[in-house]
Amino acid sequence: MSPLGTPASCCCCPRRRRPPPSRTSSLEGKELTLQELPEDILLDVLSWVPKRDLIHHCRLVCKRWRYLVDLPVVWKRKCERLGFPLEQLEGGLLDWRVFFFSLCKRNFLRNVCGRAGLRYWELRPADWMADWMPEDVPRGFKRHLLKIFKKKKKSPLPDTVWTCFVPTWHQDRGLRFFVKKRQRITLKDKGIPNWMMDEMKPNIIVKDWYFNVDNSHYQLTVKLLSCDDQVLQDCCKMFEVREQEPTVEEWREVSYIFENYPPGVRYVDFEHRVGWRSEVKVTNSSVVVDLV
C-alpha cells in the first residue's frame with residue numbers, strides 16, 4: 001500500500017493504462033462542417049445537388065469545391081442514380097458531365113422533321129381523303145425569314161431544319177374534319193424510371209414549330225397518361241387564322257412546360273391536328289424531360 005492509500009503496482013502486474021481516445025469519441029459533440037468531410041463523402045453529397053445549383057452555386061464556393069464539381073465521379077454518380085445503363089459507355093466515354101447534360105436534353109420524339117417519311121407517326125384518322133407527307137423547306141426561304149425575324153427580334157426556325165410535315169387532301173367534297181398524326185412516348189423505354197416521375201417529377205418541356213397561313217387551323221395537344229391511359233395532365237394549343245385577319249406568313253414556335261403534375265405519369269402523347277384544307281406546316285417538334 002502506498003503512502004497515499006492507493007494500491008502500488010508490483011512487477012508482476014502490468015500497469016493499467018488508459019486506452020487511447022478513439023477518433024469517433026474525439027468527434028462526439030463536435031459539429032462537422034462540409035469542409036471537414038472526407039472527399040468521398042463530399043462527392044456523394046454533391047452528386048445529389050441539382051445540376052443548375054452545381055454549376056451556378058457550388059462550383060463558385062471555393063477552389064476545392066470547383067475541383068470536386070469538375071471531377072467525372074460526381075456526374076457519373078448522377079447518371080447512375082438516374083438509372084441509365086452505363087456498362088457499355090464507361091470504356092470510351094471521356095466527359096461524364098457532357099454525357100449527363102446530353103441525357104437531360106434528349107428529344108424523345110422521333111422523326112420530327114419528316115426526313116424518314118411518316119415513320120414512328122400514327123395517322124388519325126386513317127382516311128383516304130387526307131394524309132400527311134414530308135416536304136422540303138423552299139430554297140431561299142430562310143434568308144427571307146431571317147430578315148423578317150431580325151426586324152421583330154425573334155428567333156427564326158433553326159438552320160438545321162430543312163424539311164417539314166404538310167397535310168395532303170386527295171378529294172374535295174366540301175367536308176370539314178381534322179386530320180391528325182400522333183406519337184406516343186413510353187418514358188420507361190427512354191431510360192426514365194417510374195420512381196423518378198413519381199418522386200422527382202421533372203419538368204417536361206414541349207416545343208413545336210408551325211407555319212402560319214390564312215384560313216387555316218392548327219392544334220397541338222400533349223397529354224400525360226398513366227399506365228391505364230388516364231389523362232393526368234394535358235395541354236392544348238389551338239391557332240385558327242381567318243382570311244379577314246391580316247397575317248404575315250412566318251414560322252412560329254409553340255412551347256409549354258408540364259410541372260407539378262400528379263404521380264403516375266408513364267406515357268406522353270404528342271398530337272398534331274390540322275383543319276380541313278389547311279395548309280399548315282409543322283416541324284422540329286420536341287418533348288424533353290428536364291432531369292435534375
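Helix H5 (residues 72-81) has cover from several sides: H2 (39-46), H3 (51-56), H4 (63-69) and H6 are included in what covers its buried residues. Those buried residues of H5 are Val74, Trp75, Arg77, Lys78 and Cys79. Buried means under 20% relative accessible area, exposed over 50%, and partly exposed in between, with a 1.4 Å probe and protein chains only. Helices (H or I, at least four residues) and strands (E, at least two) are DSSP runs, numbered from the N terminus. An α-helix has 3.6 residues a turn, so residues three or four places apart point the same way.

The model is predicted; local features need pLDDT of at least 70, side-chain atom pairs count only at pLDDT 80 or more, and totals for chains, interfaces and linings use all residues. Residues are numbered from 1 along each chain as its sequence is written, and side-chain values use heavy atoms, with hydrogens and water left out.

Is lysine 78 buried or exposed? Lysine 78 counts as buried because its relative accessibility is 6%.

Now step back to the loop between helix H1 (23-27) and H2, which holds glutamine 35. Glutamine 35 is partly exposed, because its relative accessible area is 39%. Beyond neighbours within four places in sequence, glutamine 35 is in contact with Cys62, Arg64 and Trp65. Contact means heavy atoms within 4.5 Å. Arginine 64 is 29 residues from glutamine 35 along the chain, and their C-alpha atoms are separated by 9.0 Å.

Next comes the whole chain. It has 292 residues, of which 39% are buried. The secondary structure comes to 8 helices and 10 strands. Take contacts between residues at least 6 apart in sequence: 77% of them join residues at least 24 apart. The chain exposes about 18300 Å², and carbon and sulfur atoms supply 52% of that area. Accessible areas come from the Shrake-Rupley method with a 1.4 Å probe; for residues, only the protein chains shown count as cover.

How far can the coordinates be read? pLDDT is the predictor's confidence in each residue, from 0 to 100. Its mean over the chain is 76, and 68% of the residues reach 70 or more. Confidence is highest in strand E9 (residues 267-274), at a mean of 92, and lowest in helix H7 (residues 141-152), at 49. Over residues 149-153 the pLDDT is below 50, and this stretch has 7 contacts in the model beyond near neighbours in sequence. Where pLDDT is low, the predicted coordinates should not be read in detail.

Turn to the strands. Serine 216 lies in strand E6 (residues 216-225). Serine 216 counts as buried because its relative accessibility is 5%. Glycine 275 is 59 residues away along the chain, yet the C-alpha atoms of serine 216 and glycine 275 are separated by 6.7 Å.

Strand E7 (residues 231-241) holds lysine 237. At 28% relative accessibility, lysine 237 counts as partly exposed. Leaving aside neighbours within four places in sequence, its contacts are Tyr218, Gln219, Leu220, Val254, Ser255 and Tyr256. Tyrosine 218 is 19 residues from lysine 237 in sequence and 8.3 Å away in space, C-alpha to C-alpha.

Two loop residues stand out by backbone angle. Most residues other than glycine have a negative phi, and most peptide bonds are trans. Tyrosine 120 is not a glycine, but has a positive phi of about 75°. Tyrosine 120 belongs to the loop between H6 and strand E1 (122-124). Asparagine 260 also is not a glycine, and its positive phi is about 55°. Asparagine 260 lies in the loop between strand E8 (251-258) and E9. It counts as exposed, at 74% relative accessibility.

Last, the largest pocket. Its lining includes Lys51, Phe101, Cys104 and Asp290. Helix H6 (96-104), strand E5 (203-211) and strand E10 (281-290) each supply at least two lining residues. E10 gives the largest share, 3 residues. A pocket is an open set of points on a 1 Å grid over the protein atoms alone, where a 1.4 Å probe fits, with protein on both sides within 12 Å along at least five of seven lines; lining residues have an atom within 4 Å of a point.
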